[in-house]
Amino acid sequence: MGSGARIEAFLEMMAAERGASDNTLASYRRDLEDAAQHVAAKGQALQDAGADDLRDFLTALSAEGFAATTQTRKLSALRQFFQFLYAEGLRGDDPTGVLDSPKKGRGLPKTLSEEETGSLLERAETEAREAAPGTPEHIAALRLHALLEVLYASGLRVSELVSLPVTVALRDERFFAVRGKGGKERIVPLSGKARAAMQAWLAVRKASPSRAESAWLFPAGSESGHLPRQVFARELKAVAARAGIDTAKISPHVLRHAFASHLLQNGADLRAVQELLGHSDISTTQIYTHVLEKRLAELVQKHHPLAD
């Protein structure tokens with residue numbers, strides 16, 4: 001019996017016993033027929049293919065530029081097809097059992113250029129400076145400016161940022177300790193601009209008794225007692241829009257990525273960035289190696305005696 005007949009028998013089972021939709025059946029058909037066509041070029045019927053034949057098919061898909069998700073879907077169809085053959089006694093083994101799923105490449109994090117980040121911070125600073133003193137708009141603008149300057153200066157996680165204790169501002173030092181994931185403590189830096197923005201916020205914070213008595217740097221009437229991360233994210237997108245930055249590419253986490261990327265672009269060591277971000281494993285920080293590779297290529301091009 002040819003591959004076509006075996007595929008049809010499999011599809012009938014999927015429809016009758018598992019209630020597969022027409023779209024699902026059509027997808028299975030395409031994936032299995034693609035595989036059958038590939039192994040047929042070697043004079044093999046799909047139902048008789050071995051693990052090496054199927055591995056070769058997946059390798060060919062990768063070479064042709066198919067995404068890992070597409071390869072995974074096709075492998076899933078093959079797994080179910082061969083499991084069906086085995087269950088029906090039409091084959092004595094399942095060759096897909098030894099095949100590894102295609103590995104998805106880890107996507108590069110969204111980030112902002114140094115120019116975009118500068119525009120964002122300048123906009124927040126301008127709004128804080130130009131708002132009428134003592135108004136709700138002025139208070140909100142000072143808080144947002146402080147949040148942005150501290151986030152970009154320190155690379156904090158948004159949960160760490162909104163839950164900072166007020167003692168960080170009261171001490172007014174160049175570095176402070178923060179407790180991150182797993183209770184792990186690390187030291188993070190504060191730029192001069194971040195410290196100045198915090199002091200400006202601290203001044204208006206003291207003017208309100210309800211805020212002044214809070215243990216949080218950014219107090220709010222929420223259940224936690226501090227500014228909710230969702231509120232900060234919403235305010236961040238709003239000021240980004242006013243700065244002319246596409247709001248689809250910005251979030252608190254994007255500013256954390258900008259902190260790391262800009263440090264690496266300007267010569268920081270990957271291990272140092274790992275410590276600053278609070279990553280327990282260097283492999284997590286290695287999503288930024290594309291930044292290092294670009295910088296190293298530029299260094300070789302600039303300084304190597306044989307570079308064009």
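Which loop holds G278? G278 sits in the loop between α13 (270-277) and α14 (282-285). The legends below cover this loop and several other close-ups.

The model is predicted: local features need pLDDT of at least 70, side-chain atom pairs count only at pLDDT 80 or more, and totals for chains, interfaces and linings use all residues. Residues are numbered from 1 along each chain as its sequence is written, and side-chain values use heavy atoms, with hydrogens and water left out.

**View 1. The whole chain, for orientation.**
The chain has 15 helices and 2 strands. Helices (H or I, at least four residues) and strands (E, at least two) are DSSP runs, numbered from the N terminus. Of its 308 residues, 43% count as buried. Buried means under 20% relative accessible area, exposed over 50%, and partly exposed in between (1.4 Å probe, protein chains only). Contact means heavy atoms within 4.5 Å. Among contacts in the chain with a separation of 6 or more, 59% are between residues 24 or more positions apart.

**View 2. G278 in the loop between α13 and α14.**
G278 counts as buried because its relative accessibility is 15%. Leaving aside residues up to four places away in sequence, G278 touches R157 and R186. K184 is 94 residues from G278 in sequence, yet their C-alpha atoms are 7.8 Å apart in space.

**View 3. D172 in the loop between α8 (167-171) and β1 (175-179).**
Phi of D172 is near 50°, a positive value in a residue other than glycine. Most residues other than glycine have a negative phi. D172 has 30% relative accessibility, so D172 counts as partly exposed.

**View 4. The second largest pocket.**
This pocket holds about 320 Å³ of space. Its lining has 16 residues, and the closest to the pocket centre are L121, Y152, A153, S191 and F259. A pocket is defined on a 1 Å grid over the protein atoms alone: it is an open set of points where a 1.4 Å probe fits, with protein on both sides within 12 Å along at least five of seven lines. A cavity, by contrast, is a set that the probe cannot get out of. Lining residues have an atom within 4 Å of a point. Grid points are joined across faces, edges and corners, and the volume is the space filled by probe spheres set on the points. Three helices, α5 (114-130), α6 (136-154) and α12 (252-265), each supply at least two lining residues. The largest share, 4 residues, comes from α5. The lining divides into 8 nonpolar, 4 polar and 4 charged residues. Ala, Val, Leu, Ile, Met, Phe, Trp, Tyr, Cys and Pro count as nonpolar, Asp, Glu, Lys and Arg as charged, and the others, Gly among them, as polar.

**View 5. α6 packed against α11 (residues 229-242).**
Two packed helices are described by the angle between their axes and the distance between the axes. Here the angle is about 95° and the axes are 11 Å apart. Therefore α6 is roughly perpendicular to α11. The α6 side of the contact is R143, L144, L147, L148 and L151; the α11 side is V231, F232, E235, L236 and V239. By class, these residues are 8 nonpolar, no polar and 2 charged. Axes are lines fitted to C-alpha atoms, for helices over the stretch in contact, and angles run from 0 to 180 degrees between N-to-C directions. Angles under 35 degrees count as roughly parallel, over 145 as roughly antiparallel, 65 to 115 as roughly perpendicular and the rest as oblique.

**View 6. α2 (residues 22-40) crossing α3 (residues 51-63).**
The two axes come within 10 Å and cross at roughly 110°. That makes α2 roughly perpendicular to α3. D34, A35, H38 and V39 of α2 meet D53, D56, F57 and A60 of α3. The contact comprises 4 nonpolar, 1 polar and 3 charged residues.

**View 7. L32 and T24, two residues of α2.**
L32 has 0% relative accessibility, so L32 counts as buried. Its partners, not counting residues up to four places away in sequence, are I7, F10, L46, A77, L78 and F81. S3 lies 29 residues from L32 in sequence and 9.1 Å away, C-alpha to C-alpha. T24 is partly exposed because its relative accessible area is 31%. The C-alpha atoms of T24 and M14 are separated by 9.3 Å, with the two residues 10 apart along the chain.

**View 8. E8 in helix α1 (residues 3-18).**
E8 counts as partly exposed, at 32% relative accessibility. Between the C-alpha atoms of E8 and R29 the separation is 8.3 Å, and the pair is 21 residues apart along the chain.
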